[in-house]
Amino acid sequence: MHKYLVFLFIAFALLMCNQSPEEESSSSSMAMKLSSDEFKRYGFKSGIIEYEFSGEMQSGTEKLYFDNWGMIEAKYLDIEVGIMGLTQKQKTMTLLKGDSTWSYDYATGRLTRIKTPMWEGMKKQAQNGDLEEVGMNFIKQMGGEKVGSETVAGKNCDIWDIPNMLSKTWLWEGLPLKTVAGAQGMQITQTATSVQVDVTVPKDKFEIPDEVEPQEAMDLQNLEKLMEKFKAPKE
């Protein structure tokens with residue numbers, strides 16, 4: 001799993017732990033009125049984004065495909081990781097479909113499935129189904145600050161510095177077009193080289209091998225409980 005996504009899941013856990021019972025009740029009622037098709041992660045219905053990775057420890061590419069406002073998303077990763085002179089190639093596909101996330105390793109043929117971390121909590125916090133707003137809230141919750149703007153792949157992005165996650169992210173309409181993550185000397189940079197939005201995405205990009213029996217990986221849905229020790233004290 002990409003390091004940056006792990007950071008985001010932890011941030012969601014912190015945000016959930018700090019929510020008051022009154023806020024949870026109110027947002028839960030809103031979520032109950034919405035179907036899965038009414039939630040939105042991005043500001044566009046569909047898109048295809050190509051990325052390049054660079055850094056002393058990692059290089060390669062990633063292709064991101066999404067539809068239904070990001071509620072279905074596939075990432076095709078093809079990278080080479082180097083540690084202490086040793087290199088390893090990784091070629092994987094990660095598929096997000098609502099409450100389930102699949103990961104397929106092309107080298108081993110192993111397919112795993114987990115419950116999408118913090119999925120129910122994210123939906124409860126989304127006002128009018130806007131998951132993009134929830135994402136901005138947890139960036140701020142983690143001490144993130146807007147520090148400028150820059151053009152990436154022809155798009156004017158806001159730069160958010162998130163020191164608590166050792167990362168910076170360049171956001172355009174809710175889409176991360178550039179991310180720098182990791183400690184000094186071990187940083188990995190992911191940069192978009194091509195951005196297409198509101199385009200037709202081939203349906204086969206969202207298919208997983210049907211001849212492979214998925215294995216259940218660790219259920220990260222209990223992450224909220226593990227993060228209880230970080231819960232902010234009540235006034």
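Visitor: How do you know how confident the predictor is in the protein chain?
Guide: This is a predicted model, and the protein chain has a mean pLDDT of 74, with 67% of its residues at 70 or more. Over residues 1-35, though, the pLDDT is below 50, and the model gives this stretch 73 contacts beyond near neighbours in sequence. Residues 219-235 also stay under 50, with 30 contacts beyond four places in sequence.

Visitor: Why does Thr179 count as buried?
Guide: Buried means under 20% relative accessible area. Thr179 comes in at 4%, so Thr179 counts as buried. You'll find Thr179 in strand β10.

Visitor: What makes β10 and β11 a pair?
Guide: Two strands pair if there are at least two bridges between them. β10 (residues 175-181) and β11 have 4 bridges, so they pass, and they pair in the antiparallel sense. For instance, Val180 stands opposite Thr189 in β11. Another way to see the two ends come together: Thr179 and Gln190 sit 11 residues apart in sequence, and their C-alpha atoms are 5.1 Å apart in space.

Visitor: What lies between β10 and β11?
Guide: The two strands form a hairpin, with 6 residues between them. Gly182, in the turn, has a positive phi of about 115°.

Visitor: Which residues have the most contacts inside the largest nonpolar core?
Guide: They are Ile49, Trp172, Leu175, Leu177 and Ala192, in a core of 16 residues. At least two core residues come from each of β1, β2 (58-67), β8 (155-162), β9 (167-172), β10 and β11. The largest share, 3 residues, is from β10.

Visitor: What is Leu177 in contact with?
Guide: A contact needs heavy atoms within 4.5 Å. Leaving aside neighbours within four places in sequence, Leu177 touches a whole list of residues, including Ile49, Tyr51, Val152, Cys157, Trp170, Trp172 and Ala192.

Visitor: Which residues belong to the second core?
Guide: That one is separate and has 13 residues, among them Ile48, Ala74, Tyr76 and Leu111.

Note on methods
Residues numbered from 1 in each chain as written. Predicted model: local features only at pLDDT ≥ 70, side-chain atom pairs only at ≥ 80, totals over all residues. Heavy atoms only, no water. Core = buried A, V, L, I, M, F, W, Y, C linked by side-chain atoms within 4.5 Å. Buried < 20%, exposed > 50% of the residue type's maximum accessible area, 1.4 Å probe, protein only. pLDDT = per-residue confidence, 0-100.
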